[in-house]
Each structure stands twice: as C-alpha cells, then as structure tokens.
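Subject: Handover of a structure and its findings

Dear colleague,

Please find below the structure that I am handing over to you. My notes on what was found in it follow directly after.

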Amino acid sequence: MEEVSDEDPYDNALAQLASVAEIVQVEPEYLEILKHPRREIVVYLSLKRLSGETVTYMGYRVQHNNARGPYKGGLRYHPDARLNEVRALAMWMTWKTAVIDIPYGGAKGGITMNPSDLVTDDLERLTRKYVDAIERNIGPEIDIMAPDVNTNPQTMAWIMNEYSKLTTHQVPAVVTGKPLELGGSEGRIAATGRGVSICARQAVQTFLHKDIKDVTVAVQGFGNVGSHTVSTLMEMGAKVVAVSDVTGGALARGGRGFEIPFDAISEIAQRDGSVSRIPGVEQISNEELLELEVDVLIPAALENQITEKNAGSVRAKLVVEAANGPTTPHADKILTRNGITIVPDILANSGGVLVSYFEWVQNLNRDHWTEEAINARLEFKMTKAFNDVLRYSVTSDLDMRKAALAIAVQKVASAMRLGGWH
Ligand code: NAD
C-alpha cells in the first residue's frame, strides 16, 4: 500500500483502492475511472441570517460513480466538511451500494458549517439554497440524498419540499430518511445501527466463536448510528460497557454493561446534551474509550479516529466500523498485525443505505411496508452480504476490508464494462 497522510480521507480512500488493484480482475482503464469522481459540484451559498449579517457557506455534492444505478449518498453539515472528505465519502458509497447489492451508485454532499451556530430558520433557508443550487443534478433517477452527520429527517423534509416546488409536483423519492408522514420508511432511522449490530453479532460468532450475549462492547458516538447500535445491541443482550459523544464518554466498570435501560441513557443524553453524565458510571474521554479492553469496539462518530498514533493501544478483539472511514490505512495495518479483526465500514454500516433503497422503492410504487417486513429484509440482506464477504475473504486469503472492496470494485467495473464505458 502506498504511503499516505493519515489526515486526508480521500488519500485514504485512494490507498484502499490501490491495495486491491492487483487482486481484482479489472482493466487499468476502469480502475482509472474509479480513482476519480464523475462529477463534483461546488456552490457558494450566501445567507442573510436572522441576526442581520450575511455569511457565505461552501456546499459540495460529489458524484463518484453511477454505473450500477442513480447516485446515492448522504448530506453532512460539519465545520470540517471539505471537498476531499466528501470525495472519499462518495467513493465509499459506490463500494457500499455494491457490497450490499442494491442498484445504486455512490455520491455524498456537505456544507461547511456548524449547525449549532444557526437558528432553525437560518438552517432551513440554507438547506433550501443548497437544493436550488444543485437542483438540476439531483432527482429520484439522478442522485438521491439522505441524512448523515448533523442532518436528519427534518432536513430531508425541507429538501423534498424545495425540490418538489422547483419541479411543480411532489417528489418523495428525491430523498430518503424522510419523516414517515412524507413517505419515509418504517425502520429507516434505526437501520444503520441495526445493520451494524447484525454485522457485530455475525462477526462475534465467526471470529470470537461466542454468542453476542457473552461479549463486552464499547461504542464511540451517540448520534443516529451510535445510539441505535447501542439500543439494538442491548436488545440482543450484549454487554455495552462504554458509550461516548463529542463531549466525552461513560464507562460501566465490572464488565456487566450498563445497568440502566437504553431509554434512560437516551433520555439523559437528550436532556443534558451529553452521555458522559449517566449516573453511577465513570467519566472517560473519547481517547480512553478507544483503548478499553473490550471484545468489540464500534467507532460510530467520524473518520480518522483510529490512527497510527493510537492503533497500537487498541485492546478490542474486533473493530466493527459504524462510522465511515474511522480507521486510517496505517492504523489498519497495525490492528491487523496485532490480530484484531476489522469489519469494514462499507459492509458494517450499509444497513442505512439498504433501508434507504427500500424507502425509494416504496415511494416509486406509492407503497408502504411494515416495520417487520423492513427488518426481516434488512436481516436477510445484511447477513448475506456479511457471508459473501467472509467467503471471499477465506477463499482469496484477504482481510475483510480487502475482500469487501474487491467484491465492490469488480461489480462496479463489470457494470461499466457491460455498459461499454470504454
Ligand atoms: P450524528 O450527527 O447523528 O452523530 C454523530 C455522533 O458523533 C454524535 O454523538 C456526536 O456527538 C459524535 N461525535 C462527533 N465528533 C466526535 C468526536 N470527535 N469524538 C467522539 N464523538 C464525536 O451522525 P450519524 O448519522 O450518527 O453518523 C455517524 C457516522 O456514521 C458518520 O461517519 C456517518 O458518515 C456514518 N453513517 C451514517 C449513516 C446514517 O444513516 N446516518 C449511514 C452510514 C454511515
């Protein structure tokens, strides 16, 4: 693998692609296409805020590849959102939709800003300006957005409404992760975390030869993905011993897991704006959480959390990547050398885009499926994707990340070849 900076997610995504270039049966001309996004849109959004000042924000939409179907990917609001981060996230979406085997390509969007600095009215008008600026390049058959870091069903409702106004009819399928009342899907909010938990359960059985009830778990991040991962794992009987968010973490010593139910943890997190204040637990930092002696570590916050600097101190046996790009390529090598198995992001967190796909299908058919039907399909597809990657990893003697990536790259290249992209 070529030497890369641990800081730049796009360098990391390219290094991952380079790491499978010699393994996959793909012509160099197709690999060359896959190194670059098909299209990048950069927009300057000038907003007159309610306070009276006018601020210009940068927005991005990167469309990596659409050989297997329309572009698909989340929208992120974050002060560190930048073009190279969005490029990496778009490429990872292309791999993810291929691994979980749904007919989509990969894309991602972002606006560089801290949403907590904006009142709701400003946030809504900024979101609508973003849609106005990229309207011609999105749509149910072109590019479909969904929530990511600091965006949520309300953000998707504004996007759907603005796009529908511009196209003069209601278009629910332009976004997924919408509120139920606007055509959202049952089970979508919990889907990413539920999928992560299914992967964790399968990985625990396969690699640790244990039942999920018999393992300890630490989860970094308590947003959409982290909180639903914790909730589903607790439902499955796993011993969740530590959780954290941007303010810090909480550790229940003794290895038995939190004694208060998930709903109480969630209520405290919402009331205090922090999980670190759960009564009767020890406060720890995010750095300490990553280094706890647990069976399973689940990073569910942001990229670049396990790096060359701290990978040597990770003491978990399994790392299940709920966030996108939480482990840098350098760290990956260190974890692997230390005998730690990684279930990669493009497999582990693909439950979100899978149920987004179910939502899109329901919208296009003007249909509504039950939560039981959604969860049963999620369970089936996640287990199948996990087993496909595992089988490929065993037969090709590759780690799970390389196996998942090799499967994805070959599927996307095959679609380009059949379509005659060259
Ligand atoms: P979110 O905004 O709902 O939550 C993010 C969480 O991370 C919050 O609890 C926040 O406090 C915490 N956090 C932020 N910075 C942190 C830091 N430096 N250290 C520790 N914690 C920190 O976002 P989300 O939707 O839960 O997304 C989390 C990750 O999962 C991202 O990498 C995202 O791309 C990925 N992901 C999300 C989805 C989805 O459906 N929302 C799907 C697939 C992957």
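The residues of the shell around the ligand divide into ten nonpolar, nine polar and four charged. In this grouping Ala, Val, Leu, Ile, Met, Phe, Trp, Tyr, Cys and Pro count as nonpolar, Asp, Glu, Lys and Arg as charged, and the others, Gly among them, as polar.

Before going further, please note that this is a predicted model, in which local features need pLDDT of at least 70 and side-chain atom pairs count only at pLDDT 80 or more, while totals for chains, interfaces and linings use all residues. Residues are numbered from 1 along each chain as its sequence is written, and side-chain values use heavy atoms, with hydrogens and water left out.

The ligand

The ligand is surrounded by 23 residues, of which Asp 148, Thr 192, Asn 224, Val 225 and Asn 324 are the closest; a residue is counted here if one of its heavy atoms lies within 4 Å of the molecule. Helix H6 (188-208) and helix H7 (224-236) each contribute at least two residues to this shell. Helices (H or I, at least four residues) and strands (E, at least two) are DSSP runs, numbered from the N terminus.

A polar backbone atom of Val 225 is 2.8 Å from an oxygen atom of the ligand. For Arg 188, an N or O atom of the side chain is 3.3 Å from a ligand oxygen atom. For Ala 301, a backbone N or O atom lies 3.3 Å from an oxygen atom of the ligand. Taken alone, the ligand exposes 840 Å², and the protein buries 85% of that; these areas come from the Shrake-Rupley method with a 1.4 Å probe.

Buried means under 20% relative accessible area, exposed over 50%, and partly exposed in between (1.4 Å probe, protein chains only). In a regular strand the side chains alternate between the two faces of the sheet. In S6, Thr 216, Ala 218 and Gln 220 are buried on one side, and Val 217 and Val 219 are buried on the other.

S6 pairs with S7 in the parallel sense over five bridges, and Ala 218 stands opposite Ala 242 in S7. Two strands pair if DSSP finds at least two bridges between them. Strand S7 (residues 239-245) and S8 run antiparallel, joined by four bridges, and they form a hairpin with two residues between them. Asp 245 has Gly 248 in S8 as its bridge partner.

Strand S8 (residues 248-251) is covered on both faces: Gly 248 and Ala 250 are buried on one side, Gly 249 and Leu 251 on the other. S8 is also joined to strand S9 (residues 282-284) by three bridges, again antiparallel, with Leu 251 opposite Glu 282.

Two further residues

Gly 74 is found in strand S3 (residues 71-78) and is buried at 5% relative accessibility. Arg 49 is in the loop between strand S1 (39-48) and strand S2 (54-65), and is buried with a relative accessible area of 16%.

Yours sincerely

Notes:
Polar contact = N/O pair within 3.5 Å; in protein donor to acceptor, adjacent residues only side chain to side chain.
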